[in-house]
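Subject: Structure handover

Hello,

Here is the structure for your files. Please look it over alongside the notes below.

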Amino acid sequence: MAQNKLNKRRLGQLQAPAARKDVQGARRHKTGLRDRLASYRSHHRQVALDSLRRLLQRPAATLLTSLVIAIALALPVSLYIGLNNIEAVSSGWEGAARISLFLKPNVSTAQAESLRRSIAGRDGVQSAEYISPDAALVEFRASSGFGDVLDQLDSNPLPGLIVVTPREANSSAEAVTALQQLLAKLPEVDLAKLDMAWLQRLNQITELGRRLTLALGGMLAVGVLLIIGNTIKLAIESRRSEILVVKLVGGTNAFVRRPFLYTGFWYGLCGGLAAWLLVQCGLWWLREPIAELSVSYQSDFHLLGLGVIDSLMLWLFAGNLGLLGAWLVVGRELRAIEPS
Amino acid sequence: MIQFDQVSKRYEGGYEALSDVSFHIPRGEMRFLTGHSGAGKSTLLKLIMVMERASSGQVIVGGRNLSKLAVRHIPEVRREVGVVFQNHQLLFDRSVYDNVALPLIIAGYGHRDVGRRVRAALDKVGLLDKERKNPITLSGGEQQRVGIARAVVNKPALLLADEPTGNLDPQLSAEIMHLFEQFKQVGVTVLIASHDLALIARMPYRLLTLRKGRLITAGGADNGPE
C-alpha cells in the first residue's frame with residue numbers, strides 16, 4: 001500500500017514537469033505581451049463604457065443616487081465658496097488698518113496741524129488727517145446717541161485726534177505695529193491705537209469657518225462613501241449569476257471587481273457634476289442681490305464662483321470618492337460569492 | 001492529466017462525500033464518471049475545478065497540485081479546464097457570441113482572436129447561425145451546445161462535463177456525446193459525469209464508478225479500450 005502510494009507519487013513527479021512545460025508552451029503560443037496589453041486596455045475601455053451604459057439604462061435611479069451625492073457635496077462646496085469670498089473681501093480691508101493718535105489735551109490746533117504735516121511726510125505713511133476736538137464732538141453727538149449726556153458736560157471731554165493711514169506697501173501687521181510704536185513716542189501723542197483687532201477677529205472667524213467646513217465636508221464625504229457602497233452592493237447582488245459564471249470560467253478577482261469600480265467612479269462623477277450644477281445655480285441666484293449690495297456700498301466686489309481648476313478638482317474628487325466607496329465594499333462582497 | 005491520490009472529502013457536519021479515491025487519467029483519454037446521485041460525482045468534479053478542496057489526499061491536474069494551490073492561482077487552473085455544466089450556466093443578458101467569448105476575454109485575447117475562435121467553436125457545435133441570439137431563445141439542446149462551445153473555445157487540455165445530457169432526448173444525447181468524442185480525438189482529455197448508463201454502455205471508454213463516495217471501478221493508466 002505504502003509502496004504503491006510512493007510509486008504513484010513518483011509517477012506524479014515524473015509527469016509534473018513535462019505537463020507544466022506543455023501548459024506554459026501553450027500559453028506562450030496563445031498570447032504575446034503586447035497583445036495582452038492591448039487587450040487589457042480595450043477591456044478597460046469596454047468595461048468603463050458598459051458600466052456607464054448600465055447606469056444610463058436606468059436614468060431615474062441613477063439621477064436619484066447622483067442627486068443625493070450632489071447635495072452632500074454641494075453643501076461643503078458652497079461653504080468653501082462663501083469663505084473664499086469673505087477672504088477676498090477682507091483682504092481688500094487689510095490695507096485699511098489705521099492708527100489713531102489721541103493727542104494730549106494741551107496740544108493746540110496749530111501744533112496739531114504742524115504735527116499732522118510732519119507725520120504725513122514720513123516714509124510709510126499714505127495720509128494723515130486731523131480731527132479737532134470740536135469736530136469729533138459733533139461727529140460723536142451725531143453717531144453715538146449720547147447727545148443728551150454730552151449737553152450736561154461743562155467742557156468738551158474729547159481729545160484731538162490724528163488718523164494715520166499707512167501706505168499699502170507697508171500695510172503688513174508687523175510694519176503697521178512698528179509705525180504705531182514709533183508714533184506713540186511723539187511728545188504730543190497721548191495714546192496711539194491700532195484699529196486691527198477686528199480684522200484679526202474676522203480672520204479667526206474665517207479660520208474657524210474653514211475648519212468647520214472641512215469637518216462637515218469630511219462627514220459628508222463619508223456619507224457619500226456609504227451611499228455609493230450601498231448602491232454598489234445592490235449592483236453586485238443583481239449581477240450575482242454573472243459573477244459566478246465569470247469565476248467559474250477563470251475570471252480573476254480583479255476582473256470581477258472592475259465593472260463595479262467603474263460603476264462607483266461613474267456614480268461619483270455624476271454626483272460631482274450635479275453638485276457643480278447645483279452650486280452654479282445657487283451662485284447665479286445670488287449674483288444679482290450681491291451686485292446690488294456691492295453697489296450700495298460703493299464697492300466693486302464681485303462674487304467669486306468656482307474656477308476651472310476648482311471645478312475639475314470637484315469632479316475628480318467626486319469620481320475618486322465613488323471609486324473608493326465601491327472599492328471598500330466590492331472586495332468583501334465578491335469574496336462572499338463563490339461558486340459551490 | 002488528472003491524478004487523485006487517496007483523496008477524501010468531508011463536508012462540515014461530518015458527511016463524507018469521497019473516501020480514499022485514487023485514480024489516474026492519462027493525457028488525451030476519455031473517461032465516464034458514473035454512480036447514483038449523491039455518490040460523489042459532483043464533488044469529484046468540484047475538486048478538479050477547485051470549487052472545493054480535498055480534506056485529505058492529493059489532487060494533481062495538469063502537473064499542478066491543487067491541494068497546495070494558493071487562492072490567487074485558482075483562476076489560472078479554471079482557465080485551463082473547460083467545463084460543461086448540467087444547468088448550462090449561460091448568461092441571458094447577452095448574446096450567444098458574448099457567452100462563448102467570455103473565457104477568451106477573461107484570458108486577455110485580442111479582439112480579432114476572440115472573433116475567430118468564438119466562430120470556430122460555434123461552428124464546431126453547429127450554432128454559427130445563432131451567434132446573435134440570446135441563449136434564452138434557444139432549445140435545451142442548443143443551450144447545452146453553447147455551453148460546450150464556451151468550454152472548448154479556449155482550447156483547454158482538459159474538458160469536464162457534469163451530466164451534459166441530463167435533460168436531453170436520446171438522439172440529442174448521442175449527438176452531444178459524439179461531439180465530446182471529437183474533442184478526445186484531437187488530444188483533449190475528457191471526463192464526463194453521467195448516470196445515463198444505456199448511453200455510456202454503447203461507448204468504448206472506461207468507467208470510473210462511484211458508490212457512496214468510494215471508487216469501485218477505476219480506469220488506470222494502462223491501455224484501456226480505445
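Residues are numbered from 1 along each chain as its sequence is written, and chains are lettered from A and ligands numbered from 1 in the order in which they are written.

Confidence

The model has an ipTM of 0.87 and a pTM of 0.72. The per-residue score is pLDDT (the predictor's confidence in each residue, from 0 to 100). Its average over chain A is 82, and 88% of the residues there score at least 70. Helices and strands here are DSSP runs, numbered from the N terminus (H or I and at least four residues for helices, E and at least two for strands). Within chain A, helix H1 (residues 2–30) has the lowest confidence, with a mean of 41, and helix H11 (residues 308–336) the highest, at 92. Residues 1–29 of chain A stay under 50 in pLDDT, and the model gives them 14 contacts beyond four places in sequence; a contact means that the C-beta atoms of two residues, placed from the backbone, lie within 7 Å. Where pLDDT is low, the predicted coordinates should not be read in detail.

For chain B the average pLDDT is 88, with 96% of the residues at 70 or above.

Chain B contains 7 helices and 10 strands. Its radius of gyration (over C-alpha atoms) is 17 Å, which agrees with the value near 17 Å for a compact globule of 226 residues; the globule rule is 2.2 Å times the number of residues to the power 0.38. Buried residues (20 or more other C-beta atoms within 10 Å of their own; exposed is 12 or fewer, partly exposed in between; C-beta atoms placed from the backbone) make up 48% of chain B.

In the interface, 22 residues of chain B are in contact with 29 residues of chain A. On the chain B side, strand S1 (2–10), helix H2 (74–80) and helix H3 (96–107) each supply at least two residues.

Two residues in chain A

Ile236(A) lies in helix H8 (residues 197–238) of chain A. It is buried, because 23 other C-beta atoms lie within 10 Å. Not counting residues up to four places away in sequence, Ile236(A) touches Phe260(A), Glu333(A) and Leu334(A).

What does Trp276(A) contact, leaving aside its neighbours within four places in sequence? The partners are Leu306(A), Ser311(A), Leu314(A) and Trp315(A). Trp276(A) sits in helix H10 of chain A and counts as buried, with 21 C-beta neighbours inside 10 Å.

Regards

Note on methods: Predicted model: local features only at pLDDT ≥ 70, side-chain atom pairs only at ≥ 80, totals over all residues.
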